[in-house]
Amino acid sequence: MQIWVDICHTPHVLLMAPLIREFERRGHFVRITARDCFQTCELLDLHHLKYQVVGKHYGGNKFLKSYGLLARTFQLILFARKYQFKLSFSSGSPYQAFASFVLRIAHIAINDYEQSSVFSLIRKIAHRLMFPKYISDESLERKGIDIKKVIKFNGLKEEIYLADFKPDPSVIEALKMNPERSIIIGFRSSANEAHYHNPKSELLMMKILDFL
């Protein structure tokens, strides 16, 4: 069947890439939409995945975020109505969830953080919600999540990231690092434009960097 995957943030590429390859291995046809923000498109290129850019990032301002939600949802509706999608799938893309609701496409959302404010918008309209088995039913129910919709997967989201990971030595070379003379640390900076941003995360980040 035709499956629609929407990728609206950088980490979603790492999560969706092995799943997309598995869908295709099982004979399904996958179309990918991507929001042009941070390194999302560059990571998709790195994974040799074909995609169509739909929408962009509107910054950290709450008013612009709300406008961006409406604008990109409308853009996705225009995109998806051209195809006969049976299923849409994302890592908590509110844009795709609302577009799928309007177009009556079955939607599955995968998440590992039941406290997410964005996910609270999705849980009512998604057909299925996927969580790691380590999040208890009681915790999900406290957040108003219908357990009948929930599918538990055996592991953590990061294990999916690494499902088919193969180290690429050329990355170290491209960054002009010498592993024989350096301790190389990969570090994710605080997400200061995300809806879940907490200023304390920047303080913690600077303390870690000072320590290193």
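Start with the largest nonpolar core of this predicted model. It has 22 residues. Select Val5, Ile7, Met16, Ile20, Val30, Phe89 and Ile110, the members that touch the most others in this core.

Now colour the elements around them. β1 (2-7), α1 (10-25), β2 (29-36), α2 (40-46), β4 (87-90) and β5 (106-110) each give the core at least two residues. Which element supplies the largest share? Pick α1: six core residues come from this helix, the largest share.

Next stop: serine 93. Look for this residue in the loop between β4 and α4. Is serine 93 buried or exposed? Its relative accessible area is 0%, under the 20% cut-off, so serine 93 is buried. Show its contacts, leaving aside neighbours within four places in sequence. Serine 93 then touches Asp6, Cys8, Arg72 and Ile122.

Keep Arg72 selected and move to its helix. Arg72 belongs to α3, where it is one of the residues that meet α4.

Select both helices: α3 covers residues 62-80 and α4 covers residues 94-103. Their axes lie 8 Å apart, at an angle of about 50°. That angle makes α3 oblique to α4. The crossing of α3 past α4 is right-handed.

Finish with the side chains at this contact. On α3, show Gly68, Leu69, Arg72, Thr73, Leu76, Ile77 and Ala80. On α4, show Pro94, Tyr95, Gln96, Phe98, Ala99, Val102 and Leu103. What classes of residue make up the contact of α3 with α4? Count 10 nonpolar, three polar and one charged.

Note on methods. Residues numbered from 1 in each chain as written. Predicted model: local features only at pLDDT ≥ 70, side-chain atom pairs only at ≥ 80, totals over all residues. Heavy atoms only, no water. Axes fitted to C-alpha atoms, helices over the stretch in contact; angles between N-to-C directions. Helix = DSSP H or I, 4+ residues; strand = E, 2+ residues; numbered from the N terminus. Parallel < 35°, antiparallel > 145°, perpendicular 65-115°, else oblique. Left-handed = near helix turned anticlockwise from the far one by under 90°. Contact = heavy atoms within 4.5 Å. Nonpolar A, V, L, I, M, F, W, Y, C, P; charged D, E, K, R; others polar. Core = buried A, V, L, I, M, F, W, Y, C linked by side-chain atoms within 4.5 Å. Buried < 20%, exposed > 50% of the residue type's maximum accessible area, 1.4 Å probe, protein only.
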